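Hi everyone, thanks for coming.

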Amino acid sequence: MRPSLPIEVFAVGERKLVAGTLFFGIAEQNLEHYEQKWLPELLKRRREASKLRKAGHEIAVVEDAHWDWAKKMLREHRAPLGFRSCALEVAEETEGLMQVELATHRSRANKNLNLAYVDYISIAPWNRPWPGEPQHFKGIGSILLREAIRASMDEGFRGRIGLHALPGAVTWYHDKLKMKAFGADPDYQGLHYFEFTEEQSKRFIDEK
Amino acid sequence: MADNNLSISHANMSKRTMTLNLSPAEMDAIEELCEKRQLTKTALLRQCLRLYQVIEARIDAGEKIFFEDKKKAKSELMLL
């Protein structure tokens, strides 16, 4: 049985917190949910995006539809100590996925010090803002990031985490979470790099 | 030669402890790295193990590992 933690997630429609589970490790059923439920919706939204934008809707680009979670899990199976992945489920549906890399990344804010690198983080398409489609749950991304911080603390990295943001998520990391910004990274497809320092992580965990 | 003992616990729910016999030079190296990386001895050795496992897995998958100097010149790391 996969280790897990009980959590609470805000259900937008019911306007209340509902019970969910944070599972450590991404299981076959989560990969199936991604392939069979997330992916068709992500691809549909990707097709609709330009039309909606032309109609005046401000929508984020669907940028993670090409992520192959099964492939990502394969590298974790080959070197399980180097990764920490988790899946957030509500009523046995997968609502968020994350894979954190623990072996090879160092902080840019604190040279020489290790950090937990959030390699991939994704929430189900129905939990993202989209015209005419109310979100099912809010706060999934924050719950997953808190887990990344916990992984960092478990490994002695004192809560330091880092990540490269897809263009559509830059505002969230920069303006909402106020992560320390290092700008576009020429060595990583020009994606913007962010970190939570030890102090920022502590504040973020306490904000819950 | 005096041995230095070091206890390591595994992070998983069921923890196990092992004792390492290290030379003073090896223990000095651990302590130096711990100070530099601000890690406990246990955290440092767990990090070493993680890194070693990731490197082994990537080598086994047919990948190569390179060091790059300041002039962007690359040299392949040969692992024994």
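Two bits of housekeeping. This is a predicted model, where local features need pLDDT of at least 70 and side-chain atom pairs count only at pLDDT 80 or more, while totals for chains, interfaces and linings use all residues. Residues are numbered from 1 along each chain as its sequence is written, and chains are lettered from A and ligands numbered from 1 in the order in which they are written.

Now, the strands. Helices (H or I, at least four residues) and strands (E, at least two) are DSSP runs, numbered from the N terminus, and two strands pair if DSSP finds at least two bridges between them. Strand E9 of chain A, residues 192–196, has two partners to show you. E7(A), residues 161–165, runs antiparallel to E9(A), with 5 bridges joining them. E8(A), residues 180–184, also pairs with E9(A) in the antiparallel sense, over 3 bridges; there, A:Lys180 has A:Glu195 as its bridge partner.

Is E9(A) mostly covered or mostly open? Mostly covered: 4 of its 5 residues are buried. By buried I mean that 20 or more other C-beta atoms, placed from the backbone, lie within 10 Å of the residue's own.

Stepping back, chain A has 5 helices and 9 strands. Its radius of gyration, taken over C-alpha atoms, is 17 Å, close to the 17 Å that the globule rule (2.2 Å times the number of residues to the power 0.38) gives for 208 residues, so chain A is as compact as a globular protein of that length. Of those 208 residues, 38% count as buried.

On to the interior. A nonpolar core here is a set of buried Ala, Val, Leu, Ile, Met, Phe, Trp, Tyr and Cys residues joined through C-beta atoms within 7 Å. The largest one has 47 residues, and those with the most contacts inside it include A:Met98, A:Leu144 and A:Ile161. Helix H3 of chain A, residues 140–154, gives the most to this core, with 7 residues. Leaving aside residues up to four places away in sequence, A:Leu144 touches A:Cys86, A:Leu88, A:Gly96, A:Met98 and A:Ile121; a contact needs C-beta atoms within 7 Å.

Finally, chain B: 2 helices and 4 strands, with buried residues making up 9% of its 80 residues.

Technical notes
Buried ≥ 20, exposed ≤ 12 C-beta atoms within 10 Å, placed from the backbone. Contact = placed C-beta atoms within 7 Å.
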